[in-house]
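Hi everyone, thanks for coming. Today I'd like to walk you through the aromatic rings of one protein, and then turn to its nonpolar core.

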Amino acid sequence: MNTTLYTKFSAAPLELRVFATFSVLVTILGVALPIFGPKQLWEAIVPFTGWTPGLGYMFGLFFTFALIYSKSPPFALRFGIIAPLVLQIIFGLLMMAMSPAKNFGNPYLTVSPWRPVWTVAIPALWIALLLSPRISRFGKAPDNSPTA
């Protein structure tokens, strides 16, 4: 039986498919927008997301697709997805704990009071979804042992 990439992707739980799509979009936009996008748009986004908005998602992409397409143990792969998000939360909390610095009118040094939404709340939401029972069951080999 020859399964295509699409059928394997569509067999994954909805939460995992949405996370994979979100991660790909955030990674592409986080890389392409500073290079190809209008400077004013990037200057407006940086105070809310930081300089690298897709970093936590970019590093988890490999493990996300490995979880969808491989037969590896799901716990190890989920750890590879969740660890960068935990680091993003830690750095977001550290940024919140720092006293505000002068930004001298530079948008790249400005920190919005809404930044914890991107650096703490959204990664925490993804972690909660990635720890759901549906994703825990996904990828586990079915137990074919005979019952007595």
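**Aromatic rings and the core**

Searching the whole structure turns up eight aromatic pairs. Take F62 and F63: their ring centres are 5.1 Å apart and the planes meet at 80°, so this pair is edge-to-face. Please keep in mind that we are looking at a predicted model.

How exposed are these two? F62 has 61% relative accessibility, and because the cut-off for exposed is over 50%, F62 counts as exposed. F63, with 28% relative accessibility, counts as partly exposed.

Now let's move to another pair, F65 and Y69. Here the rings are stacked, with 6.4 Å from centre to centre and 15° between the planes. Both residues belong to helix α4, which covers residues 55-69, and they sit four residues apart, about one turn of the helix. F65 is partly exposed, at a relative accessible area of 28%, and Y69 is partly exposed too, at 27%.

Next, a group of rings. F19, F22, Y57, W118 and W126 together make one aromatic cluster.

Two of those names come back when we turn to the core. The largest nonpolar core contains 22 residues, and F19 and Y57 are among those with the most contacts inside it, along with L16, L67, I68, L85 and L130. Which elements give two or more residues to this core? They are α2 (14-36), α4, α5 (74-97) and α6 (115-130).

Let me finish with F19. Apart from neighbours within four places in sequence, F19 is in contact with Y57, T64, I81, L85, W126 and L130.

Definitions and conventions: Residues numbered from 1 in each chain as written. Predicted model: local features only at pLDDT ≥ 70, side-chain atom pairs only at ≥ 80, totals over all residues. Heavy atoms only, no water. Phe/Tyr/Trp six-rings, centres within 6.5 Å; stacked < 30°, edge-to-face > 60°. Buried < 20%, exposed > 50% of the residue type's maximum accessible area, 1.4 Å probe, protein only. Core = buried A, V, L, I, M, F, W, Y, C linked by side-chain atoms within 4.5 Å. Contact = heavy atoms within 4.5 Å.
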